[in-house]
Amino acid sequence: MTEEMVVIRQQQISEKLLKHEEERHVLLKEREELKEAFTEHEKLEAAKNLRKKESNLEYQDNLASQISFTQTIRGKEAEEKQRELQVQQFAEDQYQTRFRSALERPDVDRAIPSDLTATRTIDCSVKAETGTWRTP
């Protein structure tokens, strides 16, 4: 009976070792599948992050372009305003120069130029047939 028990015990140990070996293979296979799944997940996350980064960079470039365009427009508007102010200042300076010159001339004894001093009479009667104003 002891020999039989030894044989049975060896069979049990052998079956147990075989079972452990199969479980180890299953665990190794599961571990490998988890590694692959994790690697795939990392690739997907990296691709997602790359797309988001590219999207953010594109948005940033668009904002920078809009800011640059707005600054250009404002700069051109400021230049145009400055030119208008210079033209107005130049016209004002010319006016003041002519005004001072006219005030300083001794031969000017009236404020109205001679060609405007001639009196013109306007006949305000209306021709009945034509309906127009008449001047002499």
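**Notebook: a helix and its side-chain contacts**

I began with Arg-83, which I found to be partly exposed, with a relative accessible area of 44% (buried means under 20% relative accessible area, exposed over 50%, and partly exposed in between, with a 1.4 Å probe and protein chains only).

Before going on, I noted that this is a predicted model, in which local features need pLDDT of at least 70 and side-chain atom pairs count only at pLDDT 80 or more, while totals for chains, interfaces and linings use all residues. I also noted that residues are numbered from 1 along each chain as its sequence is written, and that side-chain values use heavy atoms, with hydrogens and water left out.

**Entry: the chain as a whole**

I looked up the secondary structure and found two helices and two strands in the protein chain, arranged along the sequence as α-α-β-β (helices, H or I, have at least four residues and strands, E, at least two, both being DSSP runs numbered from the N terminus). Helix α1 covers residues 2-104. I then checked burial, and of the 136 residues of the protein chain 0% count as buried. The chain exposes about 13500 Å², of which carbon and sulfur atoms supply 56% (accessible areas come from the Shrake-Rupley method with a 1.4 Å probe, and for residues only the protein chains shown count as cover).

**Entry: salt bridges**

How many salt bridges does the count give? I found two salt bridges, where the rule asks for a side-chain nitrogen of Lys or Arg within 4 Å of a carboxyl oxygen of Asp or Glu. Arg-83, with which I started, meets Glu-80 in one of them, at 2.9 Å from N to O. Glu-80 is partly exposed, at 36% relative accessibility, and Arg-83 and Glu-80 are three residues apart in helix α1, so about one helical turn separates them.

The side chains of Glu-21 and Arg-24 also meet in a salt bridge, at 2.8 Å from N to O. Here too I read a spacing of three residues in helix α1, which means that about one helical turn lies between Glu-21 and Arg-24. Glu-21 is partly exposed at 31%, and Arg-24 is likewise partly exposed at 42% relative accessibility.

**Entry: the aromatic pair**

I found one aromatic pair. The rings of Tyr-95 and Phe-99 have their centres 6.0 Å apart and their planes at 20 degrees, so the pair is stacked (ring centres of Phe, Tyr and Trp, the last by its six-membered ring, must lie within 6.5 Å, and planes under 30 degrees apart count as stacked, over 60 as edge-to-face and the rest as tilted). Tyr-95 and Phe-99 both lie in helix α1, four residues apart, about one turn of the helix. I noted Tyr-95 as partly exposed at 44% and Phe-99 as partly exposed at 39%.

**Entry: surface patches**

Which residues make the nonpolar surface patch of about 310 Å²? I found Tyr-59, Leu-63 and Ile-67, in a patch whose residues need over 30% relative accessible area and no salt bridge, with like charges joined within 9 Å and nonpolar side chains within 5 Å. Tyr-59 has its place in helix α1 and is exposed, with a relative accessible area of 54%.
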